[in-house]
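I opened this notebook to keep track of what I looked up, one topic per entry. The sequence and the structure come before my notes.

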Amino acid sequence: MAKLTIRPLEDRVVIKQIEAEEKTAGGIVLPDTAKEKPQRGEVLAVGPGKLLDSGERSPIGVVVGDEVLFGKYSGTEIKVDGEEIKILRESDILAKVVK
C-alpha cells in the first residue's frame, strides 16, 4: 500500500506530537497511565492559509520543521500509517519554541 500523504486545507497545520517526559523533575519515573498527552509537537505540513474576502491568502506563521506548543484539547487526532498525528488550526497554536 502507498504511504498516505496529508495536505492540510486553509489555515490548518499537521503536527507530530513530541512524547512527554518519562521522568519528573525530581527523577520519578512515570508509568504510561500517568503521562499527560503532550502539548508540544513538530510541524509536518502547513496549509496555504485562510482565504480572505479580498481573494488573497493570509500567511501562516509556522513552517515545516518548527516546534510548537498548542492547547491541551485543540485539534483532531488521527492515525496515519500507524503514527498518531494532530490536525489543528493555526489559531490553536500558542507559541513557537525558539532554540
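The entries below go from the sheet to its core and then to the charged side chains.

**Entry: the model.** I began by noting that this is a predicted model, and I kept that in mind for every value that I wrote down.

**Entry: the sheet.** I asked in what order the strands of the sheet lie. I found 6 strands in an open sheet with the order β4-β5-β1-β2-β3-β6, and the pairing is antiparallel. The edge strands are β4 (76–80) and β6, each of which pairs on one side only. I also looked up the angle between neighbouring strands of this sheet, which are turned by 45° against each other on average, with direction ignored.

**Entry: strand pairs.** I then followed β2 (residues 40–46), which is joined to β1 (residues 12–17) by 5 bridges, the two strands running antiparallel. Within this pair I noted that Val 14 stands opposite Ala 45, and that Lys 16 has Glu 42 as its bridge partner in β2. Between β2 and β3 (residues 67–70) I found 3 bridges, again with the strands antiparallel, and here Gly 41 stands opposite Val 68.

**Entry: the core.** Which residues make up the largest nonpolar core? I listed 9 residues for it, namely Val 13, Ile 15, Val 43, Ile 60, Val 62, Val 68, Phe 70, Leu 88 and Ile 93. Strands β1 and β3 each supply at least two residues of this core.

**Entry: salt bridges.** I looked up how many salt bridges there are, and the count comes to 6; I followed some of them in detail.

I took Arg 40 and Glu 67 to begin with, whose side chains meet in a salt bridge with 2.4 Å from N to O. This pair links distant parts of the chain, since Arg 40 lies in strand β2 and Glu 67 in strand β3, 27 residues apart. Are these two side chains buried or exposed? Arg 40 counts as partly exposed because its relative accessibility is 35%, which falls between the limits of 20% and 50%. Glu 67 counts as buried because its 14% relative accessibility is under 20%.

I went on to Lys 96, which forms a salt bridge with Asp 66, the closest N and O atoms being 3.6 Å apart. This pair, too, links distant parts of the chain, with Lys 96 in strand β6 (residues 93–96) and Asp 66 in the loop between β2 and β3, 30 residues apart. I noted Lys 96 as partly exposed at 45% relative accessibility, whereas Asp 66 is buried, with a relative accessible area of 17%.

I also looked up Lys 86 and Glu 77, whose side chains meet in a salt bridge at 3.7 Å, N to O. Lys 86 is buried, with a relative accessible area of 3%, while Glu 77 is partly exposed at 37%.

**Entry: Asp 11.** I wanted to know where Asp 11 is found, and I located Asp 11 in the segment before β1. Asp 11 counts as buried because its relative accessibility of 9% is under the 20% limit. Its side chain is joined to that of Arg 89 by a polar contact of 2.8 Å. Leaving out residues up to four places away in sequence, I found that Asp 11 touches Gly 49, Lys 50, Ile 60, Leu 88, Arg 89 and Glu 90. I marked Ile 60 and Leu 88 in that list, as both are also members of the largest nonpolar core.

Methods. Residues numbered from 1 in each chain as written. Predicted model: local features only at pLDDT ≥ 70, side-chain atom pairs only at ≥ 80, totals over all residues. Heavy atoms only, no water. Pairing = 2+ DSSP bridges. Helix = DSSP H or I, 4+ residues; strand = E, 2+ residues; numbered from the N terminus. Core = buried A, V, L, I, M, F, W, Y, C linked by side-chain atoms within 4.5 Å. Buried < 20%, exposed > 50% of the residue type's maximum accessible area, 1.4 Å probe, protein only. Salt bridge = Lys/Arg side-chain N within 4 Å of Asp/Glu carboxyl O. Polar contact = N/O pair within 3.5 Å; in protein donor to acceptor, adjacent residues only side chain to side chain. Contact = heavy atoms within 4.5 Å. Axes fitted to C-alpha atoms, helices over the stretch in contact; angles between N-to-C directions.
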